[in-house]
Amino acid sequence: MSKELIRLTDCVMAFDDEVVLDKINLSIKDKEFLTLLGPSGCGKTTTLRIIGGFQTPTSGDVLFDGVRINSVPPHKRTINTVFQKYALFPHLNVYENIAFGLRIPKADAAGKKVKLAEEEIDRRVMEMLEIVNLKGFEKRRTSQLSGGQQQRVAIARALVNRPKVLLLDEPLGALDLKLRKDMQNELKRIQKAMEITFIYVTHDQEEALAMSDTVVVMDGGRIQQIGSPEDIYNEPKNAFVADFIGESNIIDGIMRSDGLVEIFNRRFQCLDGGFGKDEVVDVVIRPEDVDIVPEDQGQLKGTVTSVTFKGMQYDIIVDFYGFKWLIQTTDLSPVGSRIGIKIDPDGIHVMKKSEYSGLFGDYSSYSEEYEEISDASCGPEEEDSGDEE
Amino acid sequence: MRNKLSWFAVPYVVWMAVIVVIPILIMVVYAFTAGGSGGGGLQITAENFTGMSVYASVFLRSFRLALIATLICLLIGYPVSYWMAHEGPGFQRVAMALIMLPMWMNFLLRTYSWMSILENNGLLNQLFQNIGVIALYNQIAPFFVDIRNVFAAHFGGAQIGFVPIEHFQMINTPGAVVLGMVYNYLPFMILPIYSVIVKLDHSLLEAARDLGADRRLVFRKVIFPLSLPGVLSGVTMVFVPSVSTFAISRLLGGGTQMMLGDLIEQQFLGGAYDPHLGAAISMVMMVIVVVCMVVMNHFGEGEEQAVIL
């Protein structure tokens with residue numbers, strides 16, 4: 001990863017006293033794939049619009065290559081956007097949509113407005129059509145294209161201007177699951193090939209983990225955690241991140257000493273340390289990190305209360321002393337059976353208490369729609385129920 | 001007719017046949033026949049059309065005045081629509097009410113009011129008299145007449161004298177007729193353009209800015225092309241009634257500005273009674289209207305068509 005390209009410093013965005021962004025600090029490196037991830041209303045789209053120039057932060061600075069660009073209008077930024085609903089021009093065909101940016105005279109080094117030659121425009125549009133696999137579609141009207149094709153026109157229209165940064169605002173939200181998976185790979189491939197920075201907004205945690213170099217988890221107008229997908233998943237900073245990224249059982253615990261945490265009055269080995277002695281903490285245990293063993297060998301003993309077949313595995317809900325856990329297992333344990341569980345030290349992750357403690361991680365209200373519940377009103381799109389490891 | 005409910009449409013279909021289709025057929029029959037009143041029955045003929053060249057000047061005047069009125073409506077209507085669409089919703093409601101308000105008054109009444117404003121002894125002339133505009137004109141105009149006469153002497157034109165005026169001649173001029181058209185039909189230009197612009201997807205404008213277009217280019221390359229269906233629909237809705245009007249030309253033109261509408265009216269109700277010729281002229285006008293609609297639909301193809309309907 002190379003040098004820093006964009007920096008947001010203490011960015012605040014407020015509409016009529018309602019604070020949408022609360023002192024965002026973010027550094028984006030050149031050529032990286034960065035994802036802003038969070039539920040709707042978390043401020044991720046606002047952050048994107050600030051970078052794109054469609055909104056000016058109430059306070060704070062936006063730096064691009066070290067230059068402050070707070071009030072530079074969108075048409076003077078070397079940044080292009082793929083809009084949520086594509087925003088293709090209905091009066092232009094595919095070719096003219098892609099050529100739109102190229103036909104606008106640009107100021108050259110001497111400040112004189114120059115137009116691109118028609119041959120150059122044609123060459124670049126054709127090259128773009130090749131990249132997004134839309135050769136032969138140039139004369140089509142955009143209304144005659146499928147959602148996936150419109151999506152690719154929108155990407156081509158932005159990329160043909162050779163921006164330093166491409167902003168993507170939930171670009172795959174309107175596509176069906178299969179197409180979305182294909183487009184994820186496609187986008188990743190295009191980003192590698194064109195060697196530019198992608199800033200991607202989504203509420204789909206799986207999409208974020210699959211595509212990104214860096215994930216920025218946001219909620220309530222604040223950044224909750226910045227890190228690689230592995231960091232975010234394995235070392236969530238608080239209960240919100242743990243719950244939003246994948247499935248998590250979040251249990252109150254007490255840190256007895258470095259590497260030793262107490263849950264339900266039993267002590268478990270763990271790899272975390274650096275907490276105060278007897279500090280009350282949140283403990284995250286991922287459903288796939290729990291091993292089911294015969295009851296008498298278990299570190300904890302509980303009763304299976306619900307079983308859901310998920311194809312690759314069973315999702316079972318187990319009642320431990322009134323607290324319900326989600327456990328993913330390939331072996332069927334029927335409802336009502338008593339089981340024991342074992343957790344390896346690396347399956348236990350300890351977090352400091354936060355404002356989100358106690359809000360997430362209990363599966364007592366578990367239902368078939370638990371993904372939607374945990375994704376907190378993300379809109380009508382059907383959610384992928386993945387987290388298969 | 002699969003649906004039982006479709007039987008409810010029967011009265012409407014009958015109504016349409018009686019009120020729309022049959023009259024048009026009668027008109028076609030009349031247009032292609034002659035005689036009748038003098039005995040000997042109807043004869044099929046195209047004379048009604050071939051003899052129409054006599055009225056070429058009326059056709060030309062109708063189209064010229066209607067075109068000028070349409071152009072003025074467009075020049076006023078487009079900026080007004082654009083400005084309205086970019087104001088707040090409260091402003092838009094008030095502006096819309098103000099535009100619609102005159103239309104709730106009787107059309108003839110409105111036109112009569114213009115008569116009393118433009119008359120030789122009307123409100124405007126009285127105002128000009130009182131604030132001295134007419135006296136000022138009588139002082140200044142002779143100089144221009146003199147200058148003109150100097151040129152005329154040089155290039156061999158006729159000399160003219162200056163006669164002081166007592167009032168400006170506003171009523172009974174082509175200008176008064178155009179003013180009446182613009183005043184009466186301007187809302188029909190504003191409404192379709194406004195409704196197209198106000199519905200424009202804001203993200204399209206953002207996309208254009210994102211791709212490097214400044215405000216001027218966003219207008220030229222996105223807003224204007226996308227508002228064309230509204231413009232075309234407005235042009236038709238102003239042009240068609242303007243070209244066929246007879247009340248405006250009668251009241252504000254005072255018979256000096258005869259238009260197609262007057263001509264047709266005379267054939268049916270006036271002294272020049274000849275319903276066959278009247279029907280033929282009406283048919284020619286109808287063809288023009290249909291051509292307008294076809295052109296409009298050709299440009300406005302796509303979702304914007306809803307606006308036209």
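This is a predicted model: local features need pLDDT of at least 70, side-chain atom pairs count only at pLDDT 80 or more; totals for chains, interfaces and linings use all residues.
Biologist: Nice. In what order do the six strands of the open sheet in chain A lie?

Modeller: The pairing in this open sheet is mixed. On average, its neighbouring strands are turned by 20° against each other, direction ignored. The order in chain A is E6-E9-E10-E3-E11-E12.

Biologist: Why is one side of strand E6 and of strand E12 of chain A left without a neighbour in the sheet?

Modeller: Strand E6 covers 79–82 and strand E12 covers 222–227 of chain A. Both stand at the edges of the sheet, so the reason is that each has a single partner strand.

Biologist: And what angle does the direction of helix H4 of chain A make with that of E6(A)?

Modeller: Helix H4 spans residues 147–159 of chain A and packs on the sheet. There H4 touches E6 and also strand E9 (165–169) of chain A. The angle between the directions of H4 and E6(A) is about 175°.

Biologist: Let's turn to chain B. Which helix gives the largest share of its side that touches chain A?

Modeller: The contact takes 18 residues from chain A and 16 residues from chain B. Helix H9 (202–210) and helix H10 (215–244) of chain B each supply at least two residues of that side of chain B. The largest share, six residues, comes from H9(B).

Note on methods
Residues are numbered from 1 along each chain as its sequence is written. Chains are lettered from A and ligands numbered from 1 in the order in which they are written. Two strands pair if DSSP finds at least two bridges between them. Helices (H or I, at least four residues) and strands (E, at least two) are DSSP runs, numbered from the N terminus. Axes are lines fitted to C-alpha atoms, for helices over the stretch in contact, and angles run from 0 to 180 degrees between N-to-C directions. Two residues are in contact if their C-beta atoms, placed from the backbone, lie within 7 Å.
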